[in-house]
Amino acid sequence: HDTYFTDLTSFRMPCHNQQLNNVSSGQEHPMKQVRFANSSSSVPAVVSNSEPSDATTTQSVSQDSLGPQLKLLPLNDQIRELQTIIRDKTTSRGDFVFCADRLIRLVVEEGLNQLPYSECTVTTPTGYKYEGVKFERGNCGVSIMRSGEAMEQGLRDCCRSIRIGKILIQSDEETQKAKVYYAKFPPDVYRRKVLLMYPILSTGNTVIEAVRVLIEHGVQPKHIILLSLFSTPHGAKSIIQEFPDITILTTEVHPVAPTHFGQRYFGTD
(Lines give C-alpha, C1' and ligand atoms only; values in the text may rest on other atoms or scores of the structure.)
Protein backbone atom coordinates (compact mmCIF):
# COMPACT_ATOMS: atom_id res chain seq x y z
CA HIS A 1 0.00 0.00 0.00
CA ASP A 2 3.02 2.29 -0.05
CA THR A 3 3.53 2.39 -3.82
CA TYR A 4 4.03 5.92 -5.10
CA PHE A 5 2.05 7.33 -8.00
CA THR A 6 3.80 10.47 -9.15
CA ASP A 7 2.61 13.09 -11.62
CA LEU A 8 5.16 12.78 -14.43
CA THR A 9 4.58 16.36 -15.49
CA SER A 10 6.17 17.61 -12.28
CA PHE A 11 8.59 14.80 -11.38
CA ARG A 12 11.55 13.87 -13.56
CA MET A 13 13.36 10.59 -12.99
CA PRO A 14 17.07 10.58 -13.82
CA CYS A 15 18.01 8.44 -16.78
CA HIS A 16 19.99 5.32 -15.82
CA ASN A 17 23.02 6.36 -17.85
CA GLN A 18 22.70 10.11 -17.25
CA GLN A 19 25.55 11.96 -15.56
CA LEU A 20 24.33 13.01 -12.12
CA ASN A 21 25.66 16.20 -10.54
CA ASN A 22 26.06 17.47 -6.98
CA VAL A 23 26.04 13.99 -5.43
CA SER A 24 28.66 13.12 -2.85
CA SER A 25 30.10 9.64 -2.67
CA GLY A 26 29.21 9.30 0.99
CA GLN A 27 25.44 9.35 0.54
CA GLU A 28 23.33 6.29 1.27
CA HIS A 29 22.02 6.35 -2.31
CA PRO A 30 24.93 7.73 -4.39
CA MET A 31 23.01 7.70 -7.68
CA LYS A 32 20.32 10.05 -6.40
CA GLN A 33 20.12 13.40 -8.16
CA VAL A 34 19.98 16.22 -5.62
CA ARG A 35 18.68 19.51 -6.97
CA PHE A 36 18.94 21.83 -4.01
CA ALA A 37 20.58 25.20 -3.69
CA ASN A 38 23.94 25.23 -1.93
CA SER A 39 26.22 27.87 -0.50
CA SER A 40 27.72 28.62 -3.90
CA SER A 41 24.35 29.15 -5.54
CA SER A 42 23.49 32.55 -6.92
CA VAL A 43 20.05 32.35 -5.32
CA PRO A 44 20.49 31.44 -1.64
CA ALA A 45 17.78 31.87 0.93
CA VAL A 46 17.11 35.49 1.83
CA VAL A 47 17.27 36.87 5.32
CA SER A 48 16.92 40.42 6.57
CA ASN A 49 15.73 42.26 9.64
CA SER A 50 12.49 43.16 7.89
CA GLU A 51 10.60 42.25 4.76
CA PRO A 52 13.06 42.87 1.88
CA SER A 53 12.04 45.56 -0.59
CA ASP A 54 14.96 45.24 -2.98
CA ALA A 55 18.32 43.52 -3.38
CA THR A 56 20.19 46.21 -1.42
CA THR A 57 18.20 45.53 1.75
CA THR A 58 18.74 41.77 1.83
CA GLN A 59 21.43 39.69 3.39
CA SER A 60 22.20 36.19 2.18
CA VAL A 61 22.47 33.21 4.49
CA SER A 62 24.44 30.26 3.20
CA GLN A 63 23.12 26.75 3.50
CA ASP A 64 26.37 25.77 5.21
CA SER A 65 25.71 28.20 8.06
CA LEU A 66 22.76 26.06 9.18
CA GLY A 67 24.34 22.71 8.34
CA PRO A 68 24.04 20.21 5.48
CA GLN A 69 20.77 18.86 6.86
CA LEU A 70 18.96 22.02 5.74
CA LYS A 71 17.93 21.73 2.11
CA LEU A 72 16.46 24.66 0.17
CA LEU A 73 14.42 24.44 -2.99
CA PRO A 74 16.22 26.29 -5.81
CA LEU A 75 14.75 29.77 -5.85
CA ASN A 76 13.11 30.82 -9.11
CA ASP A 77 10.52 33.39 -10.16
CA GLN A 78 7.63 30.95 -9.79
CA ILE A 79 8.50 30.10 -6.17
CA ARG A 80 9.26 33.74 -5.38
CA GLU A 81 5.84 34.81 -6.67
CA LEU A 82 4.08 32.15 -4.60
CA GLN A 83 5.99 33.27 -1.51
CA THR A 84 5.04 36.88 -2.23
CA ILE A 85 1.33 36.15 -2.65
CA ILE A 86 1.23 34.10 0.55
CA ARG A 87 2.91 36.92 2.50
CA ASP A 88 0.75 39.71 1.04
CA LYS A 89 -1.91 40.79 3.55
CA THR A 90 -4.23 41.88 0.71
CA THR A 91 -4.34 38.41 -0.86
CA SER A 92 -7.84 36.90 -0.93
CA ARG A 93 -8.33 33.59 0.84
CA GLY A 94 -9.04 31.84 -2.46
CA ASP A 95 -5.76 33.01 -3.95
CA PHE A 96 -3.96 32.25 -0.70
CA VAL A 97 -5.13 28.63 -0.62
CA PHE A 98 -4.46 28.17 -4.35
CA CYS A 99 -0.88 29.46 -4.09
CA ALA A 100 -0.23 27.63 -0.83
CA ASP A 101 -1.32 24.36 -2.42
CA ARG A 102 1.01 24.96 -5.35
CA LEU A 103 3.96 25.66 -3.06
CA ILE A 104 3.10 22.65 -0.91
CA ARG A 105 3.10 20.43 -3.99
CA LEU A 106 6.58 21.63 -4.96
CA VAL A 107 7.92 20.90 -1.47
CA VAL A 108 6.27 17.48 -1.37
CA GLU A 109 7.74 16.53 -4.74
CA GLU A 110 11.22 17.44 -3.54
CA GLY A 111 10.58 15.57 -0.30
CA LEU A 112 9.75 12.43 -2.26
CA ASN A 113 13.01 12.88 -4.16
CA GLN A 114 14.83 12.30 -0.86
CA LEU A 115 13.27 8.88 -0.27
CA PRO A 116 15.21 5.70 -1.12
CA TYR A 117 14.65 4.01 -4.43
CA SER A 118 15.98 1.02 -6.31
CA GLU A 119 16.77 0.52 -9.96
CA CYS A 120 14.42 -1.59 -12.04
CA THR A 121 13.79 -2.66 -15.63
CA VAL A 122 10.38 -2.48 -17.28
CA THR A 123 9.08 -3.46 -20.68
CA THR A 124 7.39 -0.78 -22.80
CA PRO A 125 4.35 -1.46 -25.03
CA THR A 126 6.75 -1.72 -27.99
CA GLY A 127 8.78 -4.41 -26.26
CA TYR A 128 11.68 -2.13 -25.39
CA LYS A 129 13.50 -2.75 -22.10
CA TYR A 130 13.68 0.49 -20.12
CA GLU A 131 16.00 0.85 -17.15
CA GLY A 132 14.45 3.15 -14.56
CA VAL A 133 13.84 3.45 -10.83
CA LYS A 134 11.07 2.74 -8.34
CA PHE A 135 10.55 3.97 -4.81
CA GLU A 136 11.13 1.46 -2.05
CA ARG A 137 8.27 0.67 0.27
CA GLY A 138 8.16 1.71 3.90
CA ASN A 139 7.31 5.43 3.94
CA CYS A 140 4.61 7.42 5.69
CA GLY A 141 3.54 10.97 6.37
CA VAL A 142 2.91 12.64 9.73
CA SER A 143 1.19 16.01 9.98
CA ILE A 144 1.45 18.32 12.98
CA MET A 145 -2.07 19.58 13.56
CA ARG A 146 -3.59 21.88 12.58
CA SER A 147 -1.57 23.74 9.98
CA GLY A 148 0.31 20.59 8.97
CA GLU A 149 -2.97 19.11 7.76
CA ALA A 150 -2.90 21.64 4.92
CA MET A 151 -0.04 19.61 3.42
CA GLU A 152 -1.75 16.22 3.57
CA GLN A 153 -3.61 16.56 0.29
CA GLY A 154 -0.45 17.51 -1.55
CA LEU A 155 1.20 14.32 -0.29
CA ARG A 156 -1.82 12.18 -1.19
CA ASP A 157 -1.90 13.72 -4.67
CA CYS A 158 1.56 12.22 -5.20
CA CYS A 159 1.16 9.05 -3.10
CA ARG A 160 -2.44 7.94 -3.18
CA SER A 161 -2.14 5.06 -0.71
CA ILE A 162 0.41 6.48 1.71
CA ARG A 163 -0.40 6.26 5.40
CA ILE A 164 -0.54 9.53 7.32
CA GLY A 165 -0.30 9.91 11.09
CA LYS A 166 -1.15 12.97 13.17
CA ILE A 167 0.26 14.83 16.16
CA LEU A 168 -1.55 17.56 18.08
CA ILE A 169 0.79 19.85 20.01
CA GLN A 170 -0.21 23.07 21.74
CA SER A 171 1.59 25.50 24.04
CA ASP A 172 0.75 25.27 27.71
CA GLU A 173 -0.94 28.50 28.82
CA GLU A 174 1.08 28.67 32.04
CA THR A 175 4.54 27.46 31.03
CA GLN A 176 4.33 28.28 27.28
CA LYS A 177 6.03 24.95 26.62
CA ALA A 178 4.89 22.68 23.81
CA LYS A 179 2.65 19.89 25.08
CA VAL A 180 1.48 16.79 23.21
CA TYR A 181 -2.28 16.24 23.35
CA TYR A 182 -2.71 13.58 20.67
CA ALA A 183 -0.49 11.28 18.61
CA LYS A 184 -1.57 8.55 16.20
CA PHE A 185 0.87 6.75 13.88
CA PRO A 186 0.94 3.62 11.74
CA PRO A 187 1.77 0.71 14.07
CA ASP A 188 5.06 0.01 12.29
CA VAL A 189 6.15 3.66 12.05
CA TYR A 190 9.51 2.74 13.57
CA ARG A 191 10.36 0.86 10.37
CA ARG A 192 9.37 3.66 8.03
CA LYS A 193 10.85 6.82 6.56
CA VAL A 194 8.71 9.69 7.89
CA LEU A 195 7.72 12.83 5.99
CA LEU A 196 6.91 15.21 8.85
CA MET A 197 4.69 18.07 7.66
CA TYR A 198 4.58 21.50 9.27
CA PRO A 199 4.41 24.57 6.99
CA ILE A 200 5.86 27.29 9.25
CA LEU A 201 8.97 26.92 11.41
CA SER A 202 9.07 29.89 13.76
CA THR A 203 10.70 28.91 17.05
CA GLY A 204 11.01 25.23 16.19
CA ASN A 205 9.61 24.17 19.57
CA THR A 206 6.57 22.40 18.14
CA VAL A 207 8.62 20.39 15.68
CA ILE A 208 11.19 19.48 18.34
CA GLU A 209 8.42 18.09 20.54
CA ALA A 210 6.92 16.20 17.59
CA VAL A 211 10.29 14.61 16.75
CA ARG A 212 10.67 13.55 20.38
CA VAL A 213 7.32 11.77 20.17
CA LEU A 214 8.41 9.99 16.98
CA ILE A 215 11.65 8.94 18.66
CA GLU A 216 9.62 7.54 21.56
CA HIS A 217 7.83 5.40 18.98
CA GLY A 218 11.13 4.06 17.65
CA VAL A 219 11.72 6.37 14.69
CA GLN A 220 15.34 7.38 14.13
CA PRO A 221 15.93 11.11 13.44
CA LYS A 222 17.90 10.23 10.30
CA HIS A 223 14.72 8.70 8.89
CA ILE A 224 12.71 11.92 9.38
CA ILE A 225 12.36 14.46 6.56
CA LEU A 226 10.70 17.67 7.72
CA LEU A 227 8.66 19.34 4.97
CA SER A 228 8.14 23.07 5.53
CA LEU A 229 7.25 26.09 3.43
CA PHE A 230 8.89 28.86 5.46
CA SER A 231 11.46 28.82 8.25
CA THR A 232 13.22 31.33 10.44
CA PRO A 233 16.97 30.94 10.98
CA HIS A 234 16.31 30.42 14.69
CA GLY A 235 13.72 27.73 14.07
CA ALA A 236 15.88 25.73 11.66
CA LYS A 237 18.96 26.09 13.86
CA SER A 238 17.11 24.98 17.00
CA ILE A 239 15.82 21.83 15.31
CA ILE A 240 19.18 20.90 13.77
CA GLN A 241 21.03 21.51 17.05
CA GLU A 242 18.57 19.25 18.87
CA PHE A 243 18.53 16.57 16.15
CA PRO A 244 21.65 16.80 13.94
CA ASP A 245 20.56 13.82 11.81
CA ILE A 246 17.16 15.20 10.77
CA THR A 247 16.63 16.59 7.27
CA ILE A 248 14.77 19.91 6.85
CA LEU A 249 13.37 20.84 3.46
CA THR A 250 11.96 24.36 2.98
CA THR A 251 11.59 27.09 0.36
CA GLU A 252 12.91 30.03 2.38
CA VAL A 253 14.82 30.94 5.53
CA HIS A 254 13.77 34.39 6.69
CA PRO A 255 13.52 36.11 10.11
CA VAL A 256 9.88 37.06 9.43
CA ALA A 257 7.75 33.93 9.04
CA PRO A 258 4.12 34.14 7.81
CA THR A 259 2.72 32.85 11.09
CA HIS A 260 -0.80 33.66 9.89
CA PHE A 261 -0.61 30.70 7.49
CA GLY A 262 -2.88 28.27 9.35
CA GLN A 263 -5.58 30.84 10.05
CA ARG A 264 -5.62 32.11 6.47
CA TYR A 265 -5.59 28.64 4.95
CA PHE A 266 -8.48 27.33 7.04
CA GLY A 267 -10.40 30.62 7.04
CA THR A 268 -10.32 31.25 10.79
CA ASP A 269 -8.51 34.61 10.69
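Helices (H or I, at least four residues) and strands (E, at least two) are DSSP runs, numbered from the N terminus. The model is predicted, with local features needing pLDDT of at least 70 and side-chain atom pairs counting only at pLDDT 80 or more, while totals for chains, interfaces and linings use all residues. Residues are numbered from 1 along each chain as its sequence is written, and side-chain values use heavy atoms, with hydrogens and water left out.

**Entry 1: H4 and H5**

I started with helix H4 (residues 205-216) and helix H5 (residues 233-242), whose axes come within 9 Å and cross at roughly 25 degrees. H4 and H5 are therefore roughly parallel to each other; for this wording, angles under 35 degrees count as roughly parallel, over 145 as roughly antiparallel, 65 to 115 as roughly perpendicular and the rest as oblique. H4 passes H5 in a right-handed crossing. I note the rule here: a crossing is left-handed if the near helix is turned anticlockwise from the far one by less than a right angle, and right-handed if clockwise.

Which residues meet between H4 and H5? From H4 I listed Val207, Ile208 and Arg212, and from H5 Ser238, Ile239 and Glu242, with contact meaning heavy atoms within 4.5 Å. The residues of this contact of H4 with H5 divide into three nonpolar, one polar and two charged.

**Entry 2: H1 and H2**

Next I looked at helix H1 (residues 77-87), which packs with H2 at an angle of about 140 degrees, their axes 9 Å apart. That makes H1 oblique to H2. The H1 and H2 crossing is left-handed. On the H1 side I found Gln78, Ile79, Leu82, Gln83, Ile85 and Ile86, and they meet Asp95, Phe96, Cys99, Ala100, Arg102, Leu103 and Leu106 in H2. The contact of H1 with H2 divides into nine nonpolar, two polar and two charged residues.

**Entry 3: the sheets**

I then followed an open sheet of seven strands, in the order S3-S13-S11-S9-S6-S7-S8 and with mixed pairing; two strands pair if DSSP finds at least two bridges between them. Strand S3 (70-72) and strand S8 (178-184) stand at the edges with a single partner strand each, so one side of each is left without a neighbour in the sheet. On average, neighbouring strands of this sheet are turned by 25 degrees against each other, direction ignored.

Inside this sheet I checked strand S9 (residues 193-197) and strand S11 (residues 224-227), which pair in the parallel sense over four bridges. Leucine 195 has isoleucine 225 in S11 as its bridge partner. Helix H2 (residues 93-112) lies across S9, S11 and strand S13 (247-250), and runs at about 165 degrees to S11.

A second open sheet has three strands in the order S10-S12-S14, with parallel pairing. Its edge strands are strand S10 (200-201) and strand S14 (252-253), each pairing on one side only. Isoleucine 200 stands opposite phenylalanine 230 in S12.

**Entry 4: hairpin and cis bond**

Strand S4 (residues 117-123) and strand S5 (residues 129-135) pair in the antiparallel sense over seven bridges, and threonine 123 stands opposite lysine 129 in S5. Their hairpin has five residues between the strands, and there I found glycine 127 with a positive phi near 90 degrees.

Where is arginine 146 placed? I found arginine 146 in the loop between strand S6 (139-145) and helix H3 (152-158). The peptide bond from methionine 145 to arginine 146 is cis, with omega near 5 degrees. As a reminder to myself, most peptide bonds are trans.

Definitions and conventions
Axes are lines fitted to C-alpha atoms, for helices over the stretch in contact, and angles run from 0 to 180 degrees between N-to-C directions. Ala, Val, Leu, Ile, Met, Phe, Trp, Tyr, Cys and Pro count as nonpolar, Asp, Glu, Lys and Arg as charged, and the others, Gly among them, as polar.
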